[in-house]
Amino acid sequence: MSKKLQRIRDLQHFGEEGGVVPVIDVASTSTFLDPEDMSRTFRGELQGCYLYSRHSNPTVQMFGRKMAALEGTEAALGVASGMAAISCALEKCVEAGDHIICHSVVYGGTYALLQNLFPRRGVQVSFVNFDTLADLEAHVKPSTRVVYIETMSNPMLNVAPFETLQQFKVKHPKIKIIVDNTFAPLLASPVDFGADVIVHSCTKFISGSSDLIAGAICSSSDFIESLIDVNHGPVMLTGPVMDPRVAHELYLRLDHLHIRMRAHSERALELARALEKQHIHVIYPGLESHPHHARARRYFGDDFGFGGMLAIELGTPERALKLARALQDNKFGLYAVSLGFSRTLISCPAVSTSSEIPEVDQRKISLTPGLLRISVGYTGDASIQVERFLEAFRSL
Ligand code: PLP
């Protein structure tokens, strides 16, 4: 059984009267019994005091401790969204004149952030389709501060070359490796391969209910502290903090994340196998036909499967949208962006969540308008769901 699960389980916070569930501390500001302590906190001479909820909040910190247990980092901070996690983590690592290497297959919002906003601040970004150490090192400059990658890329489901990142870290210890682990919570432990910072969109599998927007940054205590520094902290100064009510919800949901991840993985594997049998072009890291299957086996272990995301190549946008409509009509799933929901969500990334990537670059990463991304839910009967899919497919 995974050590991560035990770490999460062993963290226990009680309610005020011994309740088995902790209370939510909604206060936006906290009292200082000694006024001098407030000045010392602002001067950075006193740590650990609750000041103001944009700086720190007991319930958000409690959620942070559970996220740190999940990722095996010293600390973690809940923030308002996945994009807040990505932009604040990056902001902390670079300044004007610096350079970021970003893997060329990333979520469209991340691509747009790095392509459109960071260059305006004088930060140069190279999008690189790296696999080997040589691929990566060919793009390193004296100004490189960050290598950024997703564990399982959105939407192509490439698995990050963690061993390459590990070798890279040994040779370039000062360059920070930031990994977006949104698609693979519990499955992968990027920190074991030298990642310095792990970011999550908790909107997805960690929430599991498509009912809130949230994010988290997991890293060393120093890095997390630096995010809320009153003079230089990007979370403190740009303000995308997590609401304590959301932190409380997510704190509780982390207790059943493992059950949900296993259910997503089982359903996704079953569907992927059934589709492959019908000669449908399916992309799923759990299939032997996936180019990174061996890698996925090495990194993910046996506990939680290969995740809940799969993609299908339909050849043309017309066929993709026709199938999406038929799948929705046939009650197989809902045509909606996002992922990690208990129900199945279907989208066409080229014209939605990856549309920020210009067509010419989409082609370079083999992202076609005929690709449908499916976040496989676990509600309903698995065999009926497979049958509904095949029925819709036959109607094409
Ligand atoms: N990272 C990945 C891999 C995503 O797919 C998304 C959103 O789809 C994000 C980050 C952004 O998360 P959020 O919508 O919570 O800001």
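Predicted model: local features only at pLDDT ≥ 70, side-chain atom pairs only at ≥ 80, totals over all residues.
A backbone N or O atom of Gly82 lies 2.9 Å from an oxygen atom of the ligand, a pair that falls within the 3.5 Å set for a polar contact between N or O atoms.

Residues are numbered from 1 along each chain as its sequence is written, and side-chain values use heavy atoms, with hydrogens and water left out.

Around the ligand there are 14 residues, of which Met83, Asp180, Ser201, Thr203 and Lys204 come nearest; a residue counts as near when one of its heavy atoms lies within 4 Å. Helix H4, residues 82-93, gives the most to this shell, with three residues, where helices (H or I, at least four residues) and strands (E, at least two) are DSSP runs numbered from the N terminus. By class, the shell has five nonpolar, six polar and three charged residues; Ala, Val, Leu, Ile, Met, Phe, Trp, Tyr, Cys and Pro count as nonpolar, Asp, Glu, Lys and Arg as charged, and the others, Gly among them, as polar.

Rolling a probe the size of a water molecule over the atoms shows where empty space is left. On a 1 Å grid over the protein atoms alone, a cavity is a set of points where a 1.4 Å probe fits but cannot get out, while a pocket is an open set with protein on both sides within 12 Å along at least five of seven lines, and lining residues have an atom within 4 Å of a point.

The space taken by the ligand is the second largest pocket, which has a volume of about 340 Å³. Its lining counts 23 residues, and those nearest its centre are Gly82, Met83, Tyr107, Ser201 and Lys204. Helix H4 and strand E6 (197-201) each supply at least two residues of that lining, which divides into nine nonpolar, ten polar and four charged residues.

The largest pocket holds about 560 Å³ of space. It is lined by 31 residues, with His55, Ser56, Gln61, Glu225 and Ile228 closest to its centre. Helix H3 (58-71), strand E1 (75-79) and helix H8 (221-227) each supply at least two residues of this lining, in which 13 residues are nonpolar, 13 polar and five charged.

The structure also holds one cavity of 30 Å³ or more, and about 90 Å³ of space lies in the largest cavity. Residues lining the largest cavity include Arg267, Glu270, Phe332, Thr344 and Gln385, and helices H11 (257-277) and H15 (382-394) each supply at least two residues of the lining.

Two backbone details remain. The peptide bond from Asn154 to Pro155 is cis, with omega near 5 degrees, and Pro155 is found in the loop between strand E4 (144-150) and helix H7 (162-171). Lys331 has a positive phi of about 60 degrees although it is not a glycine, and Lys331 belongs to the loop between helix H13 (317-329) and strand E10 (334-335).

Conventions. Polar contact = N/O pair within 3.5 Å; in protein donor to acceptor, adjacent residues only side chain to side chain. Sits in = over half its atoms within 2 Å of the grid points. Points joined across faces, edges and corners; volume = space filled by probe spheres on them.
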